[in-house]
Amino acid sequence: MTFEPQVCAFACNWCGYSAADQAGAAKLEYPAGVKIVRLMCTGMMDPYYVLRAFEREFDGVLIIGCHIGSCHYGTGNVQARDEMARVSGVLNALGLGQGRLLVDAASASEGPRFAKLANEFAERVRKLGPSPLREVIAQ
Amino acid sequence: MTEPATKRRIGVFICHCGGNISDVVDIEALRRSAATHDDVALATDSRFMCSNEGQGQLQKEIREKGLDGVVVACCTPKMYEDLFREKAEEAGMNPYLLEIANIREQCSYAHRHEPAKATAKAKLIVKAQVEKVRKLRPLEVKTAPIQPGVAVIGGGIAGIHASILLANLGHKVTLIEKSPTIGGNMARSVKTFPTDDCAMCTLSPKMNEAYNHRNIELLTYAEVRDAARSPGKWTLTVEKKPRYVTDACIGCDRCTERCPVSTAKSPIQVDSEWDQGLAKRKAIYIPFSQALPQLWTIDADHCFYFQRNRACRVCQMVCPAKAIDFTMKPETLTVDVGAVIVATGYKEYDPTPLAHLGYGRHPDILTQMQFARMMDAVGPTHGEIVRRSDGNPADTIVMVQCVGSRGAPGDPNVHEYCSRVCCMVAVKHAQLIKKARPETEVYILYNDLRAYGKGFEEYYARSMELGVKYVRGLPGKVHPHRGKLLVDVDDMLTGRRLGLPADLVVLSAALEPNPIDGLLASLHLDKTADGFVKEYHAKINPTETAVKGVFVAGCAQGPKDITDTISQAGAAAMSAAVFLGSGEMTLNPVVAEVDPALCRACDRCTEVCGFDAVHVDPERLIAIVDETACTGCGKCAVVCPTDAIAVRQFTKPQIVASIDALAPMAVAP
Amino acid sequence: MKVDELRTIARLLRDAGIQCDGGELRGYATDASFLTLGVPSLIAFPKDEAECVKLVDLAVQRHVAIVPRGTGSGTAGAAVAPPDAVLVDMERVGACDARGHRRGLFVPQVVNANGEPVDLAAAGPEDELYVRVGAGRTSDETNRALSKSGWTVAVTPSSGYSTFGGNFATNARGSGTPEYGPFGEAVNRLRMVVSSEEGARVLELSNREEIRRLAGHHGLCGLVTELDVRIAPVLGADEMHCAVLSMDTADAAHLGVTMGNLMKRVAGSCRYYAGEFLFIDAGIVRPDDPIRADSVLGGYFRVPAGHRKMVLLYRGRKDRMAALPTIAREFPEVEYREITFPQFRAMMRVRTAATGKALRRVNVPGCEDFIIKDPARFGDVLTRMFATMAGADGRPVGHHYPDGVEVHYRPQAPVTKGGIEDAWNLNLRLREAVLRPELTVEDRREHGLGLALFKDGPASRHEELRRLKARYDHANVFCPHLLDPKLQGRFIGTQFAL
Amino acid sequence: MTETVSLVAVAAPSGRTGVDPALHVLTAEGCIQCNKCTFSCPVHRVDVLFSPRKVILQAYLGGADDVNERDLWACLTCGECQAVCPTQVPYPGFIRAQREKLRPGLDRAAPCKHGGFKDILAKIMAKPGLNQDRRAWIGDGLRVADKGDVIYFTGCMPYLDGIFSYCDSAGIGRAAIKIMNAAGIVPVVANAERCCGHDALWNGDRTTFETLARANARWIQESGAKRLVTTCAECYYMLKHEYPKVAGDWDGVEVLHMSELIEGLLKEGRLKFARPVDLQVTYQDPCRLGRHSKEYDAPREVLKAIPGLTFVEMDRVRENSMCCGVGAYSNCDAATKFMQQERLEEAASKADHMVTACPHCRIHFSCYLDGRPVDPLPDLKIVDLTELAAQALG
């Protein structure tokens with residue numbers, strides 16, 4: 001049974017989440033393993049959620065916010081970028097580095113971009129293999 | 001902040017979406033899975049939840065089963081979240097206990113060819129939302145009173161127009177102008193393009209309307225020193241400088257005539273701001289005859305009485321109305337308003353740093369505003385276009401565009417932006433010269449002649465018909481040469497290098513923001529890279545700002561001509577009126593909240609808040625959220641060291657519940 | 001008083017800015033007496049005198065009883081509140097900053113007899129000095145602050161952590177009492193919030209006689225908020241004389257008579273700051289306690305089977321204790337040894353814990369303050385005590401005051417319901433055996449359970465307290481239950497739900 | 001009289017009927033309601049409603065289970081109460097036993113916010129499949145090995161700087177290695193090492209603690225190392241006092257705090273402090289090194305050995321030292337800032353540097369100084385003992 005990566009995708013209500021809706025509306029497919037949690041802004045992204053996701057045996061964490069400079073609240077995505085840069089140091093030490101965490105952006109109308117990001121990230125995680133913390137075999 | 005874990009009765013409503021969902025997701029399997037989650041009292045489905053029949057079913061179940069939480073598994077919340085919440089509220093349930101499980105766009109649509117996986121994913125999505133609803137608390141939509149009244153800062157055309165519109169709507173307006181009179185830059189522009197109207201003819205009726213409007217209180221020669229914000233209210237501290245001239249002034253002008261300041265041998269000389277330095281003015285003056293209020297003002301910084309300890313009282317002695325009172329003191333008054341409109345306008349760029357153009361080192365090199373003053377019949381040269389060096393008529397005039405605008409990025413002496421209006425100002429002045437003295441040679445050296453507005457292209461074409469010569473190229477050097485000013489320029493269209501001997505060189509200087517950093521800081525406003533006030537959204541919301549209740553209009557927000565300024569002033573007035581609305585604003589309850597038992601008053605939240613919506617109360621040492629300003633972005637929650645502050649409905653336990661529900665470890669039954 | 005009245009009072013207290021707690025208060029159901037009147041329903045925590053005034057105003061207007069409480073380390077049961085009264089924790093009064101937070105370190109203000117501030121560094125050892133401290137302060141933190149300049153609180157009760165307000169309310173005794181008397185006599189001035197028909201009154205008393213009479217008011221008269229407490233210079237090691245006299249024998253009577261006469265001789269010819277005695281048995285300290293291995297003190301913890309061992313500790317000024325060695329030689333059976341002050345303090349810690357300390361034991365106070373005027377009777381008292389308590393472990397302790405020998409006995413009960421009830425009955429049997437007029441043993445009024453079983457206290461003391469109450473508490477809001485005969489009986493032993 | 005006995009809670013003997021394990025811990029010693037614990041408790045000084053004595057009496061009267069959440073989690077488990085208790089009631093032990101019993105039922109995902117990070121990191125490190133890369137923080141110029149007889153147990157150090165940005169925790173590690181290398185020791189820094197489980201144990205998550213303890217004990221014992229050195233007071237307490245109870249006594253492995261190692265090396269002459277460090281310092285006894293492990297003197301010896309250093313003791317030191325306001329990351333709230341202000345004011349009145357021997361004391365005090373202090377505070381710097389010693393190496 002091929003390994004189906006489980007990805008926890010945090011999407012901001014104004015850009016990422018809408019981009020996901022657009023991707024769906026355009027019937028663009030991406031792996032079912034990419035599961036979306038809605039935040040009002042990626043500025044809400046707390047490093048604890050990344051560690052929690054990996055502890056709950058997700059294989060990768062994807063954060064889709066607005067492009068820098070067009071955040072609905074001004075600089076939420078900038079704070080997300082800085083906080084995630086700090087937590088990636090922790091992930092590297094835990095052996096969860098090598099790109100299992102990605103911070104990117106897709107504006108509300110960029111459905112195709114969301115689908116591309118989801119597919120590419122899932123593929124990258126699939127190549128990395130299951131998370132070393134996995135005790136439950138991916139269903 | 002641990003969430004209450006009391007027993008809940010949650011209803012799960014699964015929508016078929018007429019096949020969009022049910023063709024891919026096994027609705028019955030999903031329903032059975034949903035029924036097994038803790039606190040779920042009911043799991044049912046419907047062909048169209050968004051239909052009347054679907055909404056009726058929702059309301060019936062809420063009433064009959066006494067549901068205190070609902071998850072609607074359907075399309076994206078962007079479609080019907082508000083509708084379902086409204087229906088839930090009608091049925092007596094707190095609307096903020098309803099969440100949408102997006103199993104269409106983010107599940108059935110996206111995984112059409114993998115029904116089994118789509119169904120499994122739908123189960124997890126529903127479980128995640130159920131887990132979140134279990135941790136949600138009911139929220140009340142509160143309203144906060146808004147202080148009536150608007151303060152308009154800046155008495156130029158933008159401020160005046162906005163004030164008139166709001167006053168006509170019945171709002172009490174306080175128009176605050178730093179200089180002794182309203183009117184701003186437009187009043188000095190003599191003519192306006194492309195209509196060639198006399199600027200004062202179009203402006204002074206508006207000035208009068210504003211001056212006499214019963215809903216507008218005019219504070220001139222007054223500056224905003226501080227602005228303190230409390231929920232729904234701004235308290236402005238305004239310092240009104242003393243004019244030392246009382247209302248008894250009858251405007252006879254005798255004082256100005258007899259005032260020794262700026263006379264030939266007077267040690268105190270002062271340039272007239274009004275005439276942009278082309279002429280001097282007395283210590284006691286009125287900027288221009290139609291100035292409103294019609295009051296003379298004594299400039300204490302250049303008056304013998306104040307600067308040479310009471311050495312001269314001439315104005316007081318000659319004043320027939322005994323209107324001079326040297327004992328007047330500055331007044332500080334506070335103005336409580338609900339909304340503030342920043343309309344502080346622009347000032348002309350000072351081209352001195354551009355050494356190659358020679359501004360400031362030769363009397364015959366002027367800026368467009370100075371040239372406008374020269375063309376003004378009541379101006380320093382009474383409308384005669386003459387060389388300032390020797391007073392002879394100017395036979396050849398060379399205008400230079402983009403002075404201080406469209407400069408190379410990173411060059412500190414110039415601006416990178418285009419000031420938008422200088423091309424049309426140059427065209428205006430050029431064709432006015434041609435009409436007044438056709439024999440005058442007028443050149444305009446331009447980079448791109450931007451005649452983009454309504455009637456601009458025709459205006460530009462007519463100026464060419466009148467003989468204005470346009471040279472595409474900006475000058476290398478301007479240097480005195482045999483009594484004239486030689487302008488070296490490469491004509492890019494012909495490739496020839498030209499040396500134009502000019503009697504007058506007129507520089508179309510850029511428009512810069514007026515220095516209002518103190519005001520911006522107290523209103524907690526940001527500036528964009530070019531130094532103008534930062535609007536909420538450059539494209540679709542240019543008149544609001546990030547700070548609720550503060551609006552911006554006119555050149556304060558960026559260079560623009562009078563037409564655009566009028567439109568923007570109208571938009572700003574409308575935005576303010578809408579904001580003031582019924583005197584009450586309904587508050588978005590999904591904003592930040594502080595748990596006083598946890599708050600360390602460490603100021604980390606106040607540092608990251610982009611909307612200045614949270615402050616630490618120095619007495620109680622606890623952060624206080626101003627719910628009228630908080631937008632609920634949640635940046636504060638991340639930097640708070642104790643989770644004291646969090647956005648309602650997006651607290652850490654609620655988000656962690658969703659993560660846990662979606663995680664591989666929690667394989668749904 | 002019904003629940004809603006309490007809720008309104010809680011709201012009024014909060015409106016007045018006074019912190020209070022109406023939640024789970026079983027933790028305040030009793031004090032070190034382990035007696036209870038049920039679980040209190042509301043406790044208030046005033047920060048300063050001003051809040052005390054507001055509290056008393058409210059109490060008078062709403063006719064609700066107030067029961068002041070320091071730390072509740074007293075064994076008299078006065079800090080126990082009936083459910084319909086407001087328990088007032090005075091611990092922060094005059095002892096916290098503007099935000100109501102106690103600071104661990106503080107610098108007490110030193111004043112002279114007429115209240116003027118004095119620089120302690122410049123003071124001479126003979127000067128009569130006081131510290132002006134809030135009622136919530138404790139002698140431990142005050143001593144820590146004063147120790148740097150070589151002074152200490154004159155009368156320091158054994159529980160160093162009780163508040164000065166509490167010490168005054170119970171007229172506590174402790175080290176320094178032989179020299180300076182009970183706590184009441186060491187107070188030069190005090191501020192107190194009392195009641196009138198309309199509301200609170202703030203009094204400042206500086207008449208020593210009035211203060212002495214008020215000491216031991218057990219919270220009946222008002223809320224003490226500030227006191228000037230006498231301080232004394234710490235004796236240098238060379239000026240101080242510490243001694244241990246110990247005797248062990250199987251014959252309790254002989255032990256009692258011998259030690260009784262010894263104490264009478266010492267009282268006659270020496271003056272001392274502290275005279276304390278305790279009976280040592282195998283379980284008095286933990287088996288692994290390092291004191292057992294101490295070269296000097298270890299010996300005292302070895303008790304031959306069947307023997308009773310009494311250890312008598314003295315501390316005083318060298319010149320005033322000169323006669324002690326010669327007296328000791330008159331009693332060959334008594335072993336006499338001079339020790340250092342740290343060793344004296346180590347033995348005192350055993351004595352303090354001994355009142356409550358045993359493995360898996362809790363201290364059930366009950367048999368307190370039997371004063372033996374005639375030392376010869378000490379033998380009778382000991383024999384009766386040991387006979388009655390045969391088998392039960394626990395140990396008598398006591399003080400040797402110039403005017404008599406005072407004995408306590410606190411049975412050590414295992415922390416079970418049955419164990420505590422047995423200890424309770426043992427107390428009653430002991431009182432029968434020992435509290436006998438012919439033994440001229442008088443149950444003192446202040447200390448111990450005198451107040452709880454108030455009805456046994458001497459009638460003269462009742463009258464005195466009633467007069468004091470009439471003088472100070474016109475609205476009768478302070479601990480009315482203590483003088484109300486109907487309510488006294490309701491004091492019951494705390495029921496341990498174990 | 002009874003010297004302060006180690007705070008190791010009396011393990012609840014199984015099979016004891018009637019009295020539940022937590023209450024047993026409490027009743028092992030009789031409380032005489034003398035209130036000394038409540039007066040010495042830093043939390044009580046700031047929150048008068050928090051009273052250890054009240055909780056003990058409430059447990060006697062009504063069983064231990066209905067201790068409210070505030071009383072359960074606000075306790076710093078610092079042990080000051082037990083240090084002054086005449087009858088040695090093991091109050092921190094009681095609180096820990098209560099947390100262990102009540103936490104599963106509580107809807108409390110994690111202790112306080114930062115405690116949440118340590119909680120999730122401990123859980124991640126308890127996963128069998130974990131393979132870490134723990135040496136990134138060391139940087140060049142320092143020698144570490146895979147095998148050797150001295151293990152440098154770094155615990156959660158590689159992760160601290162990812163969470164706490166206001167002080168450089170890994171700097172302590174580098175200083176420690178620099179000192180060991182100077183004394184000819186090439187310490188083992190192993191990827192097999194996991195979090196020591198201190199917060200898990202003290203916050204009631206026994207399963208995670210035991211998993212971590214067994215995993216750590218196994219690779220340490222198998223490595224054949226002789227000495228297990230740590231710069232963290234919490235790791236030291238766990239390795240020395242708690243691991244033996246779960247994984248059996250150390251066989252041929254001596255657990256040392258870095259201060260003890262330095263003191264030993266100085267005595268053996270293998271380390272010399274050549275460069276004077278002219279600072280005025282005072283020393284904060286970390287609760288887990290002082291009260292809980294009775295190690296008061298080694299750090300003081302090290303400070304005395306540093307040339308040019310003026311060392312001034314605070315008023316409350318050794319077993320009466322005041323806690324840094326956050327024990328085992330179980331709680332940090334509005335009251336904490338007042339405690340920290342009190343202790344920092346005391347330190348600032350004695351010196352301009354406060355030295356401590358635990359990275360977590362340093363984090364908590366630095367977090368306070370990085371925010372807005374409650375009252376004006378002369379600027380005080382928080383320095384780790386090992387870093388100070390490294391400066392003195394020259």
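Visitor: Which residue is the bridge partner of Thr356(D) in E7(D)?
Guide: Happy to start there, and please keep in mind that this is a predicted model. Strand E6 of chain D covers residues 353-356 and runs parallel to E7(D). In E7(D), the residue bridged to Thr356(D) is Asp384(D).

Visitor: How many bridges join strand E6 of chain D to E7(D)?
Guide: These two strands belong to an open sheet of chain D with the order E5-E4-E6-E7, paired in parallel. Between E6(D) and E7(D), the number of bridges is four.

Visitor: Which are the edge strands of that sheet in chain D?
Guide: Strands of a sheet pair through backbone hydrogen bonds. An edge strand here pairs on one side only. With the order E5-E4-E6-E7 in chain D, the edge strands are E5 (310-311) and E7 (381-384).

Visitor: What angle does the direction of helix H18 of chain D make with that of E7(D)?
Guide: Helix H18 of chain D spans residues 385-393 and packs on the sheet. The strands touched by H18(D) are E6 and E7 of chain D. Its direction and that of E7(D) make an angle of about 75°.

Visitor: What distance separates the centres of domain 1 and domain 3 of chain D?
Guide: Chain D is divided into domain 1 (21-105), domain 2 (113-267) and domain 3 (280-393). Taken over C-alpha atoms, the centres of domain 1 and domain 3 of chain D are separated by 25 Å.

Visitor: Which helix gives the most to the side of domain 1 of chain D that touches domain 3 of chain D?
Guide: The contact takes 12 residues from domain 1 and 16 residues from domain 3 of chain D. On the domain 1 side, the elements giving two or more residues are helices H3 (42-46), H5 (69-74) and H6 (80-84) of chain D. By class, that side has eight nonpolar, two polar and two charged residues. With three residues, the helix that gives the most is H3(D).

Visitor: Which helix supplies the largest share of the side of chain D that touches chain A?
Guide: Here 17 residues of chain D are in contact with 17 residues of chain A. Helices H8 (113-125) and H9 (157-163) of chain D each supply at least two residues of the chain D side, which divides into eight nonpolar, five polar and four charged residues. The largest share, six residues, comes from H8(D).

Visitor: Are H5(B) and H18(B) roughly parallel or roughly antiparallel to each other?
Guide: The axes of H5(B), residues 115-134, and H18(B), residues 652-662, come within 8 Å and cross at roughly 155°. The crossing is right-handed. Angles over 145 degrees count as roughly antiparallel, so H5(B) and H18(B) are roughly antiparallel.

Visitor: How many charged residues does the contact of H5(B) with H18(B) have?
Guide: On the H5(B) side, the residues include Lys127(B), Glu131(B) and Lys132(B). They and their neighbours in the contact meet residues of H18(B), among them Gln654(B) and Ser658(B). Alongside five nonpolar and two polar residues, the number of charged ones is three.

Visitor: Which helix gives the largest share of the side of chain A that touches chain B?
Guide: This contact takes 38 residues from chain A and 39 residues from chain B. The chain A side divides into 20 nonpolar, nine polar and nine charged residues. Elements supplying at least two residues each include helix H1 (16-25) and strand E2 (34-39) of chain A. The largest share, six residues, comes from H1(A).

Technical notes: Residues numbered from 1 in each chain as written. Chains lettered and ligands numbered in written order. Predicted model: local features only at pLDDT ≥ 70, side-chain atom pairs only at ≥ 80, totals over all residues. Pairing = 2+ DSSP bridges. Contact = placed C-beta atoms within 7 Å. Axes fitted to C-alpha atoms, helices over the stretch in contact; angles between N-to-C directions. Domains from an automatic or database assignment. Nonpolar A, V, L, I, M, F, W, Y, C, P; charged D, E, K, R; others polar. Parallel < 35°, antiparallel > 145°, perpendicular 65-115°, else oblique. Left-handed = near helix turned anticlockwise from the far one by under 90°.
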